[in-house]
Number of protein chains: 2
Amino acid sequence: MRSRRWTYLKPLAAFAGVFCFWLAAAQAQSDALPSWNDGPAKQAIIEFVQKTTDKSSSTFVPQEERVATFDQDGTLWVEHPIYTQVLYCLDRVPAFVKEKPALAEVEPFKTVISGNREAIAKLSMHDLFKILAVTLTGMSVDEFKTQVKNWLDTARDPRWKRAYTELTYLPMLELLKYLRANGYKTYIVTGGGQDFVRVYAEQVYGIPPEQVVGTMGGTKYGYDKEGRPFLTKEPKLLLNDNDAGKPEGIHLMIGRRPYAAFGNSTGDSEMLEYTKAGDGTRLAMLVLHDDAEREYAYGPAQDLPDTKVGTFTQDLYDQAKKGGWTVISMKNDWKHIFAFEN
Amino acid sequence: MRSRRWTYLKPLAAFAGVFCFWLAAAQAQSDALPSWNDGPAKQAIIEFVQKTTDKSSSTFVPQEERVATFDQDGTLWVEHPIYTQVLYCLDRVPAFVKEKPALAEVEPFKTVISGNREAIAKLSMHDLFKILAVTLTGMSVDEFKTQVKNWLDTARDPRWKRAYTELTYLPMLELLKYLRANGYKTYIVTGGGQDFVRVYAEQVYGIPPEQVVGTMGGTKYGYDKEGRPFLTKEPKLLLNDNDAGKPEGIHLMIGRRPYAAFGNSTGDSEMLEYTKAGDGTRLAMLVLHDDAEREYAYGPAQDLPDTKVGTFTQDLYDQAKKGGWTVISMKNDWKHIFAFEN
């Protein structure tokens, strides 16, 4: 009799097992984004992934076509008050002038090595380009990599006293992993220098060099004294990976239209628009910097009077609304901003 | 008693099982290249894979760094007597002239639509570039893809009466699969147009569009009448992916030095040299077209007096010998050349 009772219980136990498994799976699914508050942004992400990865869905996307592109500055890490790569270039000037001492008296280098922050802030775009040119080109690609790596190891952000690579947004790191766990290939599509971002992208974002699309400069093949070949970074712009340059860079480097794209400024609008214009279910999201306390507030949520970084204008806000893009409020949608917060 | 005898046999059975498994694995390993004859070329490939994928080896390469690059014309498929992409461009001229009838009387289009093969063969490089420019640019990237796809579906090679995509070398297709099975990411690095090769690379070689590096043209972002964004192919050369352009293109698109590189002409020598100059174990191989009967013989094994395609010069042969590159003799190293042979 006893054994019969157990027999009756078996299907129930099996059902309970399946139910627990389903619950755990559902839990794991929602837990993939623990730094996101429940709300329209998190919901949009999860719905997008479900619709494009469920084989029974009419908007299922084969794995090889699953491409997600991310702007970097202001989307994956802090860009305010000045792009990290520009800081790098300014910091490289003394080393450059040491190699060519005659330049110590030549502008804009003279101003930069004076250390006068007010004067440096007033440098023109023309001066800035001169600085970028000499600090980002002229060396071998391997030397450049070493220079950037050394700088990242020692430079510290003045506000948080942290390495710049720690100023990445935890919710976006979770999002990158969540998309990859669902078969998406994640790419950076940045206005920053492609070779600059490649130095740390694999370690910081889990994105390998071949999946970093950025502003591209030419290189020149040559030989050293021992006859060994190497590549020198040339001051020749191949593609400015901003604005319309983003979809152009995506075509050049990936050759597929993304299914999801993430940005935070007018420089990303063509990428998001291009992504959304594709067939099926596509996701376009904009990070809105509206958290003056935990990070910064600028753009439409402007507490800062003037900013030299990517702009989130009212026009962009309107375009987002019209195009069905989702705006991510840092203040409301993100439980945590940085991994080091706790 | 009987049960004890079986107990004694157990370890033996287990050993036999393991042995059979090992044998099967070893068999599978050598069978991964069934169209290759045993010899120095096949041996070089297998040794390279063993040395770079065995974790206990001092020359072990982590999976994310395993990059292998392949030239296409003459390395993965037939290039003689004329590059397939050039044939495509010539075949596109009538459609182009139909759209712009005034050009029917303008050279070099007049000669091309005359169909006079002798006159076409005598066209200058300057004329050829004019033809390439009008047939490869000016349309949207999607239109271009459709045009190439349609042509590939119908065009037939006059010698074998086969689609051009069937004129791929079976031993190289096996090699691509073998490297991928061992964790290598396989790339095409071709002097041909990047967008042209991307149309069929996934289906024919198992190489996705993002792993096709080729001669790169610019695109221009714009909008159609309904306001939908699209990209137009522009007559603007970003990178000529030949000679020194190959390592430059590899840096631009991949950002890593390959561990293995395969070519067949002087246009590949910088890529092979660059590959071999890296640390650890690297493989550089050249396909020698020395099989006049089953394919063609040209270069040092020259039966054909004059060729307009990639040249395997005596200098290249000497460089291969000096640099420790392995020459693949189509005649001796390949059991089969095409999949359709049998």
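User: How many residue pairs are in polar contact across the interface of chain A and chain B?

Analyst: In this predicted model, the rule finds 24 residue pairs in polar contact across that interface, both residues of a pair being at pLDDT 80 or more. The side of chain A that touches chain B draws two or more residues from each of several elements, among them helix 7 (141-154), strand 2 (185-193) and strand 3 (212-223) of chain A. Strand 3 of chain A gives the most, with 6 residues. By type, the residues of this side divide into 17 nonpolar, 6 polar and 13 charged.

User: What is the extent of the contact, in residues and in buried area?

Analyst: Chain A and chain B each contribute 36 residues. Together they bury about 3000 Å², and 53% of this lies on carbon and sulfur atoms.

User: Why is the meeting of Lys185(B) and Glu210(A) called a salt bridge?

Analyst: The two side chains come to 2.8 Å, N to O. The rule asks for a Lys or Arg side-chain nitrogen within 4 Å of a carboxyl oxygen of Asp or Glu, so the pair qualifies. Across the interface, the rule finds 6 salt bridges.

User: How many disulfides does a search of the whole structure find?

Analyst: The search finds 0 disulfides over all chains.

User: What makes the phi of Asp243(A) worth a remark?

Analyst: Most residues other than glycine have a negative phi. Asp243(A), however, has a positive phi near 55°, and is found in the loop between strand 4 and helix 10 of chain A. Asp243(B) also has a positive phi, of about 55°; its place is the loop between strand 4 (229-239) and helix 10 (245-253) of chain B.

User: Which peptide bond involving Pro108(B) is cis, and where does Pro108(B) lie?

Analyst: The cis bond joins Glu107(B) and Pro108(B), with omega about 5°. Pro108(B) is in the loop between helix 3 and helix 4 (109-114) of chain B.

Conventions
Residues numbered from 1 in each chain as written. Chains lettered and ligands numbered in written order. Predicted model: local features only at pLDDT ≥ 70, side-chain atom pairs only at ≥ 80, totals over all residues. Heavy atoms only, no water. Contact = heavy atoms within 4.5 Å. Buried area = accessible area lost by both parts, 1.4 Å probe. Polar contact = N/O pair within 3.5 Å; in protein donor to acceptor, adjacent residues only side chain to side chain. Helix = DSSP H or I, 4+ residues; strand = E, 2+ residues; numbered from the N terminus. Nonpolar A, V, L, I, M, F, W, Y, C, P; charged D, E, K, R; others polar. Disulfide = S-S within 2.5 Å.
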